[in-house]
Each structure stands twice: as structure tokens, then as C-alpha cells.
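Subject: Structure handover

Hi,

Here is the model I promised to pass on. Have a look at it first, and my notes follow below.

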Amino acid sequence: TLRKPISQSSMADWASKNLNMHTQGIFRRRISISNMLSWNGGSIKKPMLITSNRTIKKEACEMFKLVQSYMGDRQTRMDRNHVALVTVTKCWSMQGLRDELYIQLIRQTTDNTCYRSLAWGWELMAISLAFFSPSPKFQSYLEGYIYRHLDSDENIAQRIKELVDLKNKKNSKSRKKRKQNTEDEGLPISTYAKYCYRKLQKVAVTGGKKGLRKPTVEEITHARNAIVTPSLFGSSLEEIMLRQQDMYPGNKLPWVQTQLSQQVLALGGEQTEGIFRIPGDIDEVNALKLQVDQWRIPSSLSDPNVPASLLKLWYRELEEPVIPQQFYKECISNYENPDAAVAVVQLLPELNRLVLCYLIHFLQIFAQPSNVGRTKMDVNNLAMVMAPNCLRCQSDDPRVIFENTRKEMSFLRMLIVHLDTSFIKGLV
């Protein structure tokens, strides 16, 4: 469900307080906010946002050229993949540049008369959201901007036509004209906006790419492809099953779930101390995530904590948790009643029931006394690390969250101990 974003007046108020107002002409007259936030074919001499950081001031002007290069509004010898990589790496490494990039993209996708340039600007925004979030104070502004474009395709086409007509009247005798293009070249803007809106909600929580390794060209390409091809991570179970229909039409379970689970066991995870509690190397987890999203499991894996961490991430990032939100109250109400807890599972939609039963069957392997002796992960520990990945408390009250966390753990413990999952054996 889309949250209602901040109003247009609130966005204007934010802009008036945070924009680093530019000047023009020999008298250095201040540019209006609307002009500050409209497409610009020239360069900028200072950042769009107020900052006292000298490095940010310098980098912001260079980054604007990169944005123009990616959008096709400035000539460059670099290919667009490399331009995106340089841009994203700058912001990923330098937190102070992130809001600046997003406000520059807002500017360059406002009143832009070239549809292809406009689409590429939105594409760069979508790619950027795969790596880092805006600051909390800028998130509402960006959210409001994206929200206004969710169903705006007809308005955008009309606006481009009006701007082109106006420009043609003014520049009828001018020799130099920017290439005008009102034809659709690729995806509708609303497709980018809907993707960016969902991505913004998630990255605001997860914080984006973690680890020490800088972004790679492969990750840039993957982030771009995810706009039209839903990732195996962060999508709904239904989307994931639909995506795997061509490759694994007979599978009843998500390929990513079964493959990562089998990898944990193949690498001796049930005999590894602290499995699911000790995280795998974050850079290795990121690299494996990229491979899995391309339906590949590398043969070079050696640490079971890596697929175990990615498996937890897959459950945690599902658009809707394995146990859907409408069953949450019933789960925490029956956290001490084995029969009632098992009965809740039978009420779940078929796909969710199978996915949950596969997970519980998997955890029951680790809960066997012979394995607990090696892993030091008994049923209580397993329930503690996995419950947050299956159930999501919607309350903002810390006391409610704390109280429900205990009940979530107890509910999952009931399932690990009492749920009959024998029918899952051999199911893929």
C-alpha cells in the first residue's frame, strides 16, 4: 500500500530552505526555484543543495556533468555503463553526495523535452536506489517527487509537447536546436516511477549496498535489468514463481529457496558452529546474490555462512513476509499453543504454506540433538534468528515491538518442534 507522500506545498517549503540558490547574468540575479528545478543544458558552478563541505562542493559540479553524460545531454567518450559506475561509486563512497545526486536527477527529469533523456534520467535514479538511500531529511521530498509520476504518462507527453511548441516559437530562427523527441523510446515514465517508489521504501530500511568492495559494472547492469525483470530478492512469492515459470515450470517452491538451503547443507552447515547466527563475509554474500539472481550457483563456495546469510536475506526481503500480515495477530496470540500454532499454518495461502513448511523442515534438521552439539544452535536460538525473517510487526511502539519479538520467537519454536513437515521431502 502506497503511503501518502508530503504535499506539494511542503515540498516547495523544503526546497526554499535547502536549495543552494544559483545566480545568472552580469548582475548575478538569483534563479527562481522553478528554474533551479528544471532541466538545464549547461553546467553548474556550485552544488544544488546547501553544504559547507569543500569536497562535496567540487564533486557536485563534476557529478552534474556525469548525470548529463548518462542522459545523453553531454558528449563523453565513456559508455553509459561506465558513467553510471563512476557516478554511483562517488555517492556510495561519499555519503554527502547522495542527496545532491537525487536533487540533480529531479532537476534533469523536470520539464525535459527529450523523452529518451528523460527516461535515462529516471533509469539512473532507479540504478542509484539499488546502492544507497537518500538521507532521512531528503527522503520525503524524493518520495513526493516520485509519487507524482506514478500515473503521469499522459501529462508528461502533453507537457513535452507544450514545452517544444513554446521553444520552437522562441527559437524559430535559431540554428542550434536540441534534438526534440516526443516519441516513446522504451519504457513509460510511470514504470520507472513505480519501480523507484518501491525501491525507495526498501532501501530506506536496508540502507543499500554494504561491504567494502566498491560497486561493479555487473552490479550496475543487474540494477538496470531489475527495472523490467523483477529480482529474486525483494519481490513477492507470486512474482518469483512467475519469473521461474519458463526455467523451472514443474517447481512447486522458489528455486532460490531450495538452492540456497541445499548449499548450506552441502557445505556442512548442520555441523558448523553458529550457523545462521554468525554472518558470512558481506562482500561474498553480495557476490553470491548477484549470481543467484542470474540463476547461477558458483562451484567455488566453501563457507556455509555465506549461503546461510543470503537465505536469511531472501526471507527478510520478501515484499510480503512468508506468513502474510493478516495472520500476524493470530500467530502472536497462539505462541504458546502447539495445536493452534500448527492450525495457523494450514490457513495460509498454498504457496506461503509450502514455503513456510520447507523452511521449518530445513530448520528441523538443525534442531536435531546430534547437530545442536556441533552448531550450538538449539531450537530456541534457531527460532530467535529466523522469526524476524518470517513475521513482521507493524507497530512503531518500542514496547509492543519488544513484547511481540518474544511471542514471534515462541511461535516459530512451536512450529519447529510440533509441525509435521514429512511431506516436504523431495519437493522442489
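Before the cores, a definition: a nonpolar core here is a set of buried Ala, Val, Leu, Ile, Met, Phe, Trp, Tyr and Cys residues joined through side-chain atoms within 4.5 Å. Buried means under 20% relative accessible area, exposed means over 50%, and partly exposed is in between (1.4 Å probe, protein chains only).

Two notes on where the values come from. This is a predicted model, where local features need pLDDT of at least 70 and side-chain atom pairs count only at pLDDT 80 or more, while totals for chains, interfaces and linings use all residues. Residues are numbered from 1 along each chain as its sequence is written, and side-chain values use heavy atoms, with hydrogens and water left out.

The overall picture

The protein has 20 helices and 2 strands; these are DSSP runs numbered from the N terminus, with helices being H or I of at least four residues and strands E of at least two. Its C-alpha atoms fill a box of roughly 85 × 45 × 45 Å along the principal axes. Of the 428 residues, 50% are buried. Contact means heavy atoms within 4.5 Å, and among contacts with a separation of 6 or more, 79% are between residues 24 or more positions apart.

UniProt, in an unreviewed entry, places the feature "domain: Rho-GAP" at residues 235-423. The UniProt positions are in the numbering used here, the feature names are shortened, and annotations may be inferred rather than shown by experiment. That stretch, residues 235-423, is 61% helix and 0% strand, and its end C-alpha atoms are 27 Å apart.

The cores

The largest nonpolar core has 63 residues, and the ones with the most contacts inside it are Phe-276, Val-292, Trp-314, Phe-411, Leu-412 and Leu-415. Helix H17 (residues 350-366) gives this core its largest share, 11 residues. There is also a second, separate core of 61 residues, with Ala-84, Ile-103, Ala-119 and Ile-156 among its members.

Not counting residues up to four places away in sequence, Val-292 touches Leu-232, Phe-233, Trp-255, Val-256, Leu-260, Ile-297 and Leu-310.

H17 also holds Arg-353, which counts as buried because its relative accessibility is 16%. Beyond its neighbours up to four places away, Arg-353 touches Val-345, Gln-346, Leu-348 and Phe-423.

How many of the residues of helix H5 (residues 98-108) are buried? The count is 11 of 11, so H5 is mostly covered. They run from Arg-98 to Gln-108, with Asp-99, Glu-100 and Arg-107 included. These buried residues pack against helix H2 (33-36), helix H3 (54-70), H4, H6 and H7.

Ser-133 sits in the loop between helix H6 (115-129) and helix H7 (136-147). With 15% relative accessibility, Ser-133 counts as buried.

H4 against H10

Helix H4 (residues 80-93) and helix H10 (residues 217-225) pack at about 100°, with axes 9 Å apart. Axes are lines fitted to C-alpha atoms, for helices over the stretch in contact, and angles run from 0 to 180 degrees between N-to-C directions.

On the H4 side, Asn-81, Ala-84, Leu-85 and Val-88 meet Val-217, Ile-220, Thr-221 and Arg-224 of H10. The contact residues divide into 5 nonpolar, 2 polar and 1 charged, where Ala, Val, Leu, Ile, Met, Phe, Trp, Tyr, Cys and Pro count as nonpolar, Asp, Glu, Lys and Arg as charged, and the others, Gly among them, as polar.

Val-217, in H10, is partly exposed at 33% relative accessible area. Leaving aside neighbours within four places, Val-217 is in contact with Asn-81 and Leu-85.

Trp-295 has phi near 60°, a positive value in a residue other than glycine. Trp-295 lies in the loop between helix H13 (282-292) and helix H14 (305-317), and is buried at 15% relative accessible area.

Lys-376 also has a positive phi near 60°. Its place is the loop between helix H18 (369-375) and helix H19 (379-390), and at 48% relative accessibility Lys-376 counts as partly exposed.

Cheers
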